[in-house]
Amino acid sequence: MAEINKEAAEGSSTAPPAAERGKNHYKNRAKKQKRNKFLKNAKSFGKRESFGRGAELEQTEYNYLVAILETMTKEKDTEERQLIANNVLGQLKGKEIRTASNQVGSRIMEDLLAYTDEETFAGLLETFAQNFRVFCCDKFASHVLQRTLYVALLRAVAPLQTDQQGEEDGEGEEQNAKKQRVGGAAERGDRSVWPCYEYCLKEQYADEHRQTCRQYVERMAKYLINNLEEFVWEATAGYVIRQCVLNLGGITEKKATNDAKPLTVPEQWHKLLHEFNVQLMAWPQFADLIGMEQTATILQDLLRALASTDDAFQLEQLIAKLFKEAFYTKKVKKEEKDGEATVKQEEKSDLPKAFQSDSSIRLLEVCIVVAPAAFLKDKLFSKLFRGQVKKLALSRACNFAIQKLIDHTTDKDMMDMVFAELEDSMEDLLRTGHTGVVLALAKACARLACQQGKFVKNLLDALHCAEVAPTKMINAVLHLLPANVTPSTAPKIHLHGSLILQAILDFNKPIKFVTALLEMPNDRLAEILSEPAGSFVANAFVTGRFVGEKSREKLVRHLEGQYGQLTLSVHGSRVVEIMYEAGNPAQRENIVRELAEQCERLNGKPWSAKVNKRLLVDLYKRNPARWKVAIKNDAKVEKMFDKLVGGKKRKAES
């Protein structure tokens, strides 16, 4: 630890302070360290004459791959990537299987595949197609097989993405980059300096080559369907099946972390997906699939893929079969000699089989997300959850299923029933740390405009802050700690606490919390708004549907005297811009006047310098009259720009 501290101290003269680093600094650093660690380990294996895990390579071959890996850890332009990819894969011709079965070789081939030319890639597809079984059953080669499927998918369907391409052309580079991150760069490709998602969609290929890629995807899908009974139980082949199922539905990422629109794919692929579904449902041991993590994840991805194709009939068939044969059954009570074991078994048997294992719970969560509203209410909720909501919400394993259920509830009557079972459990939920359930309730109350008064009352009672001062009440909600509890150290704002407060500000009658925020000392309010989670309370206050215009202006006025301090923090500077937009002309001038008093300090930080430039603070300091004219002209330009781009706010230049 002393050495680490010493290194940090020595490096402090060159490294930027923590507060000035970008929001992705630590994530990017972790990726770089992971790449360097892999390279370092590969070199150390070579020095010990152990040439990688998996298939054993010759020393010269291994050293060549390590040298290529070292080259690939550095950023390259597209032409360099293409040249390296074609040269390396040309050198590996005839050795593809052995190289892909080696850990280092697998990593290199994965990254290079996307940048190969048409002839090289077509040759690789033919080699892989002739050896599907070998690649599917090898723990390293299977990753390369997944990447070939992914790249072939992108090359085959790129011309079909006309709508998506049109949207991209109308957006800025920053929006495109965000879209690519959300849209689904390959799972392992995201961690590489050789990304392939955008490249494969935009690169021009001959129609004949695209047809070859399409045939490869279909050939692999048919092979997996024919061998499904064998491969579904294989760990490595299971990942290939998941990749294939998702790709047939146009989904390019395995993790369901976003609502990105799936790619447009040929209708034939939907039919192949239908074959996967029919074959799995026909199995006599179908009910056993939910009991293993490996097979349950295949069903999860199949549900997501079917949902992306808008095939409501196939989707409901699969969910109904899962419900009938796997979820809505109870384990038989077994008497054990050990009394304690007997009690545990009896406790478990009170719940349907859907809640008996982690894998089945995760599968049920996906069913909740994709199920039609009527099926969710009449079957999943009525038969699995009703009467058990409180027990499940307090369960460490099952509370996420309750969150999914509440988040995807669109029926007010169903929401009333869920709320009725949870309204007396708010304090227990907070005590056990299941704050996500409380947040889901808050969002649902705002979304469906129901049970809002009861929610606020129960929340304040659970936090013992119904009759306390405004500052204590807001602090209790933000920290999700009872007002009568004094922690030994100052607590940070709880993310769920901030989100709950934001949801309440979107209620029909948020007056109690609006008044409490306006009655807080402005220095404490500024301190809250300067924190990452707390700053978004300002957004909710300003954009709240039922927060009055006068209340917004009161908040802008209430923060006067704190704008200079707010601007010096990353998140506080964003709040300053929000307050500027929400204020009337006189209040806007007051904000700029306050900032002009410490103009020199503003230029010391990149985020405050951006506010300085955005609000023309330097100009105001020199000539307030010219500032008024300039700010009016700038507002006119923004209005014209908004009309051109569909009402999107223009971003400040960096």
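The model is predicted, so local features are taken only at pLDDT of at least 70 and side-chain atom pairs only at pLDDT 80 or more, while totals for chains, interfaces and linings use all residues. Residues are numbered from 1 along each chain as its sequence is written, and side-chain values use heavy atoms, with hydrogens and water left out.

Begin by selecting residues 59-72, which form helix 3 (helices are DSSP runs of H or I with at least four residues, numbered from the N terminus). Its 14 residues reach 20 Å from the first C-alpha to the last, close to the 20 Å expected, where the expected span is 1.5 Å times one less than the number of residues. Then colour Glu61, Tyr62, Leu65, Val66, Ile68, Leu69 and Met72, the buried residues of helix 3 (buried means under 20% relative accessible area, with a 1.4 Å probe and protein chains only). These residues cover an arc of only 160° around the axis, which puts them on the same side of helix 3; the arc is that of the directions from the helix axis to the C-beta atoms.

Next, turn to the aromatic pairs, of which the structure holds eleven (rings of Phe, Tyr and Trp, the last by its six-membered ring, pair if their centres lie within 6.5 Å, and planes over 60 degrees apart count as edge-to-face). Select Phe323 and Phe375, whose ring centres are 6.1 Å apart with planes at 80°, so the pair is edge-to-face. Phe323 belongs to helix 18 (residues 312-327) and Phe375 to helix 21 (residues 373-385), 52 residues apart, and both are buried.

Now move to Phe355 and Phe385, where the centres are 5.4 Å apart and the planes at 80°, so this pair is edge-to-face. Phe355 has a relative accessible area of 6% and is buried, and Phe385 is buried at 0%. For a cluster, select Phe132, Tyr216, Tyr223 and Phe231, which are linked by ring pairs.

Charges over rings come next (NZ of Lys or CZ of Arg within 6 Å of the ring centre and within 35 degrees of the ring normal). Lys321 lies over the face of Phe286, at 5.3 Å from the ring centre, and the charged end of Arg574 sits over the ring of Phe536, 4.2 Å from its centre.

Finish with the cysteines: a search of the whole structure finds zero disulfides (pairs of cysteine sulfur atoms within 2.5 Å). For Cys200, the nearest cysteine sulfur is that of Cys196, 4.8 Å away.

Terms used
Helix = DSSP H or I, 4+ residues; strand = E, 2+ residues; numbered from the N terminus. Buried < 20%, exposed > 50% of the residue type's maximum accessible area, 1.4 Å probe, protein only. Phe/Tyr/Trp six-rings, centres within 6.5 Å; stacked < 30°, edge-to-face > 60°.
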